Amino acid sequence: MTSSITIRRPDDWHLHLRDGDMLRAVLPATTQHFARAIIMPNLVSPVVTSAQAVAYRDRILAALPEGATFEPLMTLYLTEASDPNDIAAAHASGLIKAVKLYPAGATTNSASGVSHFDRVAPVLERMAEIGLPLCVHGEVTDHDIDIFDREAVFIDRVLDPIRRATPGLRVIMEHITTKNAVDYARAQDDTLGATITTHHLVINRNHILAGGIKPHYYCLPVAKREEHRLALRDAATSGEARFFLGTDSAPHTDANKLLPCGCAGCFTAPNTLSILAQAFEDDGKLENLEGFTSLHGPAFYGLPVNTDTITMIKGAPTTYPSHIDTPDGPVTVFDPGYDLNWSVT
Ligand code: NCD
Ligand code: ZN
């Protein structure tokens, strides 16, 4: 029985850090375990220009806990008015590592996202030329499409056409939630990667809706049927290089989660690695944990892997806070619904 595992220090390829007090409150949960993270640009006023990305990066660095070494990998939020030259310059200078595509209205702070995908074609062509990856929130927003079908429909109607029209564009299907997405990713060449969250490996839609509604399990894309969760588990633990960790840790205060119209997002940064180690062990794939958390992401982004390591041990139940305090109120930490027994030493 394995009781200890040492892996390269992980990175998080999809993370929401927010800003101001919330940023300062949640950042330590990530920096205690992760070396780098792709920082989502969906602030209340989104990070659209390189000047905004510089300022946001500086605010993150200023909020780092004492002694933390953490590199925020910045992204720009794609709008129909995004300037290809500004984006190319931000990439050339090393400021940004990706551009983020939100379909307008798909999720939190996505109102300035894209409605007409043909209008961003010139930017995408430029990105393909310069090798700048596109992170995609893959859900259509049409009201006549059932919310549980929005990812699968997006693949057919938006993602695949974009990929065919823009050869060479490096695309990350983010936080995939369906077997359809797993199958699509597996059928593509190595210009396509896919991130999988921690919580989508653990919950299905029953966790949200059966026996009472559980707002802390509500996130977007929403968790699907069990067969889809199992497909995600299979993909994440498979050792295939196209699949890597993007936690999508997305803190909202409890006050904003527990509303008649509550916010979407699960806050998983504090216990993600414990949950993952247990999931990989349960599936008999602990040897593939390091690839998922620490090797496949850097390979896709063309970045070096981290040189330092973390060690996790299996033992007494792992302790982690049930919530973290912020000046705006508590933020509940994702509860997998069972005891965890892997801890980062
Ligand atoms: C994210 C957020 O709160 O910013 N919410 C979520 O449910 N995942 C946005 C997103 O990634 O969709
Ligand atoms: Zn997200």
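Student: In this predicted model, which residue places a backbone N or O atom 3.1 Å from a nitrogen atom of ligand 1?

Tutor: A polar contact requires a pair of N or O atoms within 3.5 Å. The pair in question lies 3.1 Å apart and involves the backbone, and the residue that supplies it is Ala-264.

Student: How much of the accessible area of ligand 1 does the protein cover?

Tutor: On its own, ligand 1 has 310 Å² of accessible area. The space that ligand 1 takes is the largest cavity.

Student: Which residue has a polar side-chain atom 2.7 Å from an oxygen atom of ligand 1?

Tutor: Thr-108 has a polar side-chain atom 3.2 Å from an oxygen atom of ligand 1. The residue at 2.7 Å is Thr-107.

Student: How many residues of the shell around ligand 1 are polar?

Tutor: Ligand 1 is surrounded by 15 residues, with Asp-248 and His-252 among the closest. Of the shell, 4 are nonpolar and 2 charged, and the number of polar residues is 9.

Student: Why is the arrangement around the zinc ion (ligand 2) irregular?

Tutor: The zinc ion is coordinated by His-14 (NE2), His-16 (NE2) and Asp-248 (OD), at 1.9 to 2.0 Å. A tetrahedral assignment would need all angles between 85 and 135 degrees. The arrangement is irregular because the 4 donor atoms subtend angles of 93 to 136 degrees.

How values were computed. Residues are numbered from 1 along each chain as its sequence is written. Chains are lettered from A and ligands numbered from 1 in the order in which they are written. This is a predicted model: local features need pLDDT of at least 70, side-chain atom pairs count only at pLDDT 80 or more; totals for chains, interfaces and linings use all residues. Side-chain values use heavy atoms; hydrogens and water are left out. A residue is near a molecule or strand if one of its heavy atoms lies within 4 Å of it. A polar contact is a pair of N or O atoms within 3.5 Å; within protein, one must be able to donate a hydrogen and the other to accept it, and residues adjacent in sequence count only if both atoms are side-chain atoms. Accessible areas come from the Shrake-Rupley method with a 1.4 Å probe; for residues, only the protein chains shown count as cover. On a 1 Å grid over the protein atoms alone, a cavity is a set of points where a 1.4 Å probe fits but cannot get out, and a pocket is an open set with protein on both sides within 12 Å along at least five of seven lines; lining residues have an atom within 4 Å of a point. A molecule sits in a cavity or pocket if more than half of its atoms lie within 2 Å of its grid points. Ala, Val, Leu, Ile, Met, Phe, Trp, Tyr, Cys and Pro count as nonpolar, Asp, Glu, Lys and Arg as charged, and the others, Gly among them, as polar. Donors are N, O and S atoms within 2.8 Å of the metal (3.2 Å for Na, K and Ca); water is not among the atoms, so sites may look incomplete. Four donors count as tetrahedral if all angles lie between 85 and 135 degrees; four count as square planar and six as octahedral if opposite donors are over 155 degrees apart and all others between 65 and 115; anything else is irregular.
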